[in-house]
Amino acid sequence: MTHTGWSVFGFDGIGTTWEISTPEELPEDVRAGLLDVVEDYDRSYSRFRDDSMLAALAREPGTVTLPAGAGELEQLFRKLYRLSNGAMTPLIGGSLERLGYGADYALRPVGHPVPAPRWEDVLVWSGTEISASAPIVLDIGAAGKGQLVDIVAAVLRGAGITEFLVDASGDMLHCGAEPLGVGLEHPYDPTQAIGVVELHDGALCASAANRRAWGDGLHHVLDGATGRPVETVVATWTMAATAMEADALATALFMVDPKVLEGEFEFSWLKVFSDGHAAYSAGFEGTLFS
């Protein structure tokens, strides 16, 4: 999804495809800086590589010190953990691995679903410091990609670039004078759109059960309280000021009543249920095709 006539810088990072669209081609030093921040983030947080900081906690109990943005992640996850009664948790990694979505991408379950450990039992997370009292597989994917989109945007702004679109496989952040029409991908047919939304100076993020699915009823959006994939919702979209919040809230909508989230976050949303009906907030009104 790009502005017509804009230059596109594309690359792969954190296991997904990125496109950064700007009116003029990005200078070489800015491109290099963007690749560096994406690699640094992956090396800090990935559960798919042995040399990441979080991977150390999966091997043995201990403490690691993460980059400065870890405190923002902590506060966001802590709030959503509370609002979801433990259903949305960064401790879901072990449950995902048990269902086959691990570092080896085997995509074959190795056991029945098990609940994620309770935060208060195994994890002390204070700002940039994380301590685990037992080996844990942390997965910050529900908000991490969005946070990295925000970091990439900050690099662009720091380079004096005031108009851009960052698109990390559907997690988008737009900055510029002219709004951009974005199609909302049909949850059952990627070649079709169920509507169009106008994105202007903000973030749009989506979460869909079909995006990372590998078997009958198996996908990446798990309820931490049960360890099972959520069955009642198939896709969500959110718009917020930052991509980190929009990304996290798109996942939270699978498990939490939107009214509960609206009590503590400023965002708009669209939620498509497995029976085919949709619910949405005022920000998405008039955007759906009949």
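User: Which residues does Asp150 touch, not counting residues up to four places away in sequence?

Analyst: Asp150 touches Leu173, Thr242, Ala243 and Met244. Contact here means heavy atoms within 4.5 Å. A caution: this is a predicted model, where local features need pLDDT of at least 70, side-chain atom pairs count only at pLDDT 80 or more, and totals for chains, interfaces and linings use all residues. Residues are numbered from 1 along each chain as its sequence is written, and side-chain values use heavy atoms, with hydrogens and water left out.

User: What does the side chain of Asp150 reach at 2.9 Å?

Analyst: The backbone nitrogen of Ala243. A polar contact is a pair of N or O atoms within 3.5 Å; within protein, one must be able to donate a hydrogen and the other to accept it, and residues adjacent in sequence count only if both atoms are side-chain atoms.

User: How far is Asp150 from the nearest side chain of opposite charge?

Analyst: That side chain, Arg157, is 6.5 Å away. A salt bridge is a side-chain nitrogen of Lys or Arg within 4 Å of a carboxyl oxygen of Asp or Glu. Asp150 is buried yet has no salt bridge.

User: Why does Pro258 count as buried?

Analyst: Its relative accessibility is 10%. Buried means under 20% relative accessible area, exposed over 50%, and partly exposed in between, with a 1.4 Å probe and protein chains only. Pro258 therefore counts as buried.

User: What makes Glu25 and Arg31 a salt bridge?

Analyst: Their side chains meet at 3.6 Å, N to O. Glu25 counts as exposed because its relative accessibility is 58%. Arg31 is at 17%, so this residue counts as buried.

User: Which parts does the pair of Arg49 and Glu39 tie together?

Analyst: The closest N and O atoms of this salt bridge are 3.1 Å apart. Arg49 lies in the loop between helix 1 and helix 2 and Glu39 in helix 1, so the pair ties together parts 10 residues apart in sequence. Helices are DSSP runs of H or I, at least four residues, numbered from the N terminus; strands are runs of E, at least two.

User: How do you know that the span of helix 1 agrees with expectation?

Analyst: The expected span is 1.5 Å times one less than the number of residues. Helix 1 has 18 residues, 28-45, so it should span 26 Å; its end C-alpha atoms are 26 Å apart, which agrees.

Conventions:
Lys, Arg positive; Asp, Glu negative; His and termini not counted.
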